[in-house]
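Please keep the sequence and the three-dimensional view at hand while reading.

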Amino acid sequence: QVQLVESGGGVVQAGGSLRLSCAASGRTLSHYAMGWLRQAPGKERDFVAGISWSGGSTYYADSVKDRFTISRDNAKNTVFLQMNSLEPEDTAVYYCASAKGRAYSRSYYYSQRTYEYWGQGTQVTVSS
């Protein structure tokens, strides 16, 4: 049984930082691309960042580019999302997801159909 477990969410003031982690069991993450997506209250789930199986390619939504960094430690079967300069608009539940394949062109990371397994989500709240 594949499980993805996110951690690291919380409440932070605007301008602060958080580091999210996504640990997997039942699946070797190094074989798959990964993504972080988020869902704010009353809104659809949106793409935040994606990373290829090796970590050699990364992609970001325009709203988080230059503030967020996605990375992975395949030896630890874990993916990270470093979030800096947080804004109230970043408030959402953040989900990690494991894709069906190893790597994709940018547009595929935006589609939820790219992903096969999802974590339960972790709440990030940014206060102004």
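**Briefing on the protein chain**

Asn77 is found in the loop between β7 and β8; helices (H or I, at least four residues) and strands (E, at least two) are DSSP runs, numbered from the N terminus. This is a predicted model, in which local features need pLDDT of at least 70, side-chain atom pairs count only at pLDDT 80 or more, and totals for chains, interfaces and linings use all residues. Residues are numbered from 1 along each chain as its sequence is written, and side-chain values use heavy atoms, with hydrogens and water left out.

**Overall architecture**

- The protein chain contains one helix and 11 strands.
- Read from the N terminus, the order of the elements is β-β-β-β-β-β-β-β-β-α-β-β.
- Along the principal axes, the C-alpha atoms of the protein chain fill a box of roughly 40 × 25 × 25 Å.
- Of the contacts in the protein chain between residues at least 6 apart in sequence, 61% join residues at least 24 apart; contact means heavy atoms within 4.5 Å.

**Surface and charge**

- Buried residues account for 45% of the 128 residues in the protein chain; buried means under 20% relative accessible area, exposed over 50%, and partly exposed in between (1.4 Å probe, protein chains only).
- The protein chain exposes about 6,400 Å², of which carbon and sulfur atoms supply 45%; accessible areas come from the Shrake-Rupley method with a 1.4 Å probe, and for residues only the protein chains shown count as cover.
- The protein chain has 13 positive and 10 negative charges, and their mean positions are 7 Å apart. Lys and Arg count as positive and Asp and Glu as negative, while His and the chain ends are not counted; the place of a charge is NZ of Lys, CZ of Arg, CG of Asp or CD of Glu.

**The nonpolar core**

- The largest nonpolar core has 36 residues, and those with the most contacts inside it are Trp36, Val48, Phe68, Ile70, Leu81, Met83 and Tyr94. Such a core is a set of buried Ala, Val, Leu, Ile, Met, Phe, Trp, Tyr and Cys residues joined through side-chain atoms within 4.5 Å.
- At least two residues of this core come from each of β3 (18–25), β4 (34–39), β5 (45–51), β6 (58–60), β7 (68–73), β8 (78–83), β9 (92–99) and β11 (122–127).
- Strand β9 supplies the largest share of this core, five residues.
- Beyond residues up to four places away in sequence, Leu81 touches Leu18, Arg19, Leu20, Trp36, Val48, Ala49, Phe68, Thr69, Ile70 and Tyr94.

**Residues in strands**

- Arg19 is placed in strand β3 and counts as partly exposed because its relative accessibility is 47%.
- Apart from residues up to four places away in sequence, Arg19 touches Ser7, Gly8, Phe80, Leu81 and Gln82.
- Arg19 and Thr69 are 50 residues apart along the chain, and their C-alpha atoms are separated by 9.4 Å.
- Val93 is placed in strand β9; setting aside its neighbours within four places in sequence, Val93 is in contact with Leu37, Arg38, Gln39, Gly121, Thr122 and Gln123.

**Residues in loops**

- Gly16 lies in the loop between β2 (10–13) and β3, and its relative accessible area of 18% is why Gly16 is buried.
- Ser52 has its place in the loop between β5 and β6 and counts as buried, at 4% relative accessibility.
- Leaving out neighbours within four places in sequence, the contacts of Ser52 are Ala33, Ser57, Arg72, Arg102, Ala103 and Tyr109.

**Backbone angles**

- Most residues other than glycine have a negative phi.
- Asn77, which is not a glycine, has a positive phi of about 55°; Asn77 counts as buried, at 16% relative accessibility.
- Ser85, in the loop between β8 and β9, also has a positive phi, near 50°. With a relative accessible area of 41%, Ser85 is partly exposed.
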